Structures are given as C-alpha cells and as structure tokens.
Amino acid sequence: MYEVLKGKDFTDLLKGNVSFVLCIGNTKTAEIPGITVAGANPDLIKFTPPADAELLYYGKCKSIPFPPATPDGKPTPALITYTALRLVKPQLFVVDSGLMIKPKIPYVSINAPVGENIYERDAMSIESVEEAFDYAKIFGREVSKNSDCLMIAESIPAGTTTAGAVLKVLGKEPRVSSSMPENPVEIKMKVIEKAASRVNSEDPLEIIAKVGDPVMIGVLGVALGSEKPVVLAGGTQMAAIANLIKLFEEKFEVNIATTKYIAKDRTADIVGITPEDANVVAVDPLLKNSSKEGLRAYEEGFVKEGVGMGGATLLAYVKGYEDAFLREIEKDYEKIVG
C-alpha cells in the first residue's frame, strides 16, 4: 500500500492526533500558456485553489459550480483527499497563502501577496515574504499545540515550476513533476533558467521572494513554527520546500508523503531532489483498480498529486481504511463528479 523511497518509515507519526493544514495560493506564472492544466481553461485556473479547499469542507465547490478538473475532465486530487478526511476526521485548517479568489469557507490568512510571473519579474517583495513567514510560523506554533503531528498540504497551479526555480538556485537539478503525462519540460526550463539567473543570494526568504511562490511561505512557516513532528504531503513542490527548511534548521526531520505516481514519474526525481537525510514515503491509492475512467487516468500519468492526496491517503491507511478506501473514493466520485 505504501513504499519507503528514502530514509525511514515515519507512519507511526500518523497514529495520534493529526491536524491537516492546506496552504493555498496563486502565482501568475500559471498564466504562461501551456505550463499547467490545473483548471478546465485558463480563466478558471485562479479558482482552482479555493475550489479545492471548499471541496474538502463541503464535498462540493462554491466558488465555481463544478470540481476543478483538467481540460478533458480528470478530477482534482482534492476528491481523494476529501474522502480520506471524511473518513479520518482530523482537524482541518485552510491557510490563505496568496490567493486571487478567497474561498467560501473559514480560513486563516497570513497576509501573503499573490505571486508574480517569475519569468518576467520577482515573485514578491522581500518585506511581504518576511511578514507572511512570521504569521505562518505563529499559526504553525498555535495549531501544533493541540496536535501530535501536523500534515501540511498545498494547492497552487504552476507550483512545480516555481519549485524548479528554487531547486535550480539551490544547486539541484530542477527535475519536477507535472499534472500532465507529457511534462512541458521545455517551457518550464525556459522559465526556470531565466528566473534563477536573477538570484544572487543564499537566504531562503530572498530566494522565495525572487523565484518562489506564496504557498511556499505558508508551508515553510507552518512547518518551522510547529512544536510537533511535521509531514509534508505533496510531490516535488514539497521537495523544494524541504530544502528551504534545511537552510533554517539543519536538524529538522523532513518527512514527505507523496503518491506512487510521483515516484514513477520519469521526468521528475523526488528522491534525488530531497535533502539527503529526508524520509520519503510513496503511497498507492490503487486507482488502477477503479471502475471510474477519470480515476484510472491517474495511473496513466494525469494529475499525480496535489491537495495533500498522497499524505491524506497514507493517513487513511494508517487509520485502518486500507480495504474500504477505493470503494469510498468511488462513492464520493459519483456524488461530486457524477
């Protein structure tokens, strides 16, 4: 059901009281043609993060009349996360980490700006990054008081491109994943190379301000503020953030829960781009066994990860829902997608 790709098995952390924190935001990098399919059309991309968050609370979206999907109808990974959270019932918190559109749910704001297009200019001002980072650390500290473990997830269209730029600046190969089977590597690398060429700093917040995105601030701050163990639920974006965490706290234990779809992505390298002492676990949601074509598409390389899908699935497995999980996903798929 899951495989340890690197380091040690950290699933015991999930046996206690887990709080699930979803950081959502936008970067105008997503407006570059062909760089993302996180939305049925370009005009809807900005609605993807708030709609993902609404789905987790309501089992439906309110900002748009349908769940976020790829242009040909592959459903958002928030669907799988919703099922896991519905079954496990952890504390759920959503952090506005630089949104264009505010979600119709209760949420916490860290006063982060929307990220700019990193191909054209710096992502954010260093002053706004520092303030949002401080707010995120405070929230991480406070929410961890009533938790045994924080699981932190993200939703931001084009987040793999900004992650690639951060990795490039840090001297790592920007081998990041994509929500498409055919990763638009040429487009991404053009953006990554140009953005990274503007950076002449080893300060993690300055790197984010230059080439990152606002969701990185949220995840980084919540993780570093937490007084309890942290599990980063996501793919190559979390790998980039893990490297930034290590610049702040070398002894911080990095635990990443992702999907097997990220692990087997030949255009990415989740093991190689994570810190040397990171623990990485890849979970199999068994969607290949689904009767629903939209879910089986994940096995073919569509979507792969997002909204903490891998971590939420792992949490459901640890809490005893291994056998029932796919059946419950399909029930929710019928209600939400039709």
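I looked up Thr259 first. Thr259 is buried, with a relative accessible area of 0% (buried means under 20% relative accessible area, exposed over 50%, partly exposed in between, with a 1.4 Å probe and protein chains only). Thr259 sits in strand 7, residues 255-259. I took helices (H or I, at least four residues) and strands (E, at least two) as DSSP runs numbered from the N terminus.

The model is predicted: local features need pLDDT of at least 70, side-chain atom pairs count only at pLDDT 80 or more, and totals for chains, interfaces and linings use all residues. Residues are numbered from 1 along each chain as its sequence is written, and side-chain values use heavy atoms, without hydrogens and water.

Next, the contacts (heavy atoms within 4.5 Å). Leaving aside neighbours within four places in sequence, Thr259 touches Ala282, Val283, Lys304, Glu305, Met309 and Gly310.

Then I checked strand 6, residues 230-233. Val230 and Leu232 point one way, Val231 and Ala233 the other, and all are buried. Strands pair if DSSP finds at least two bridges between them. Strand 5 (residues 149-155) joins strand 6 through three bridges, running parallel. Ile152 has Leu232 as its bridge partner in strand 6. Two bridges join strand 6 to strand 7, also parallel. Ala233 has Ala257 as its bridge partner in strand 7.

Last, the helices. Helix 6 (residues 204-211) and helix 8 (residues 236-248) pack at about 150 degrees, axes 9 Å apart. Axes are lines fitted to C-alpha atoms, for helices over the stretch in contact, and angles run from 0 to 180 degrees between N-to-C directions. Pro204, Leu205 and Ile208 in helix 6 meet Leu244, Leu247 and Phe248 in helix 8.
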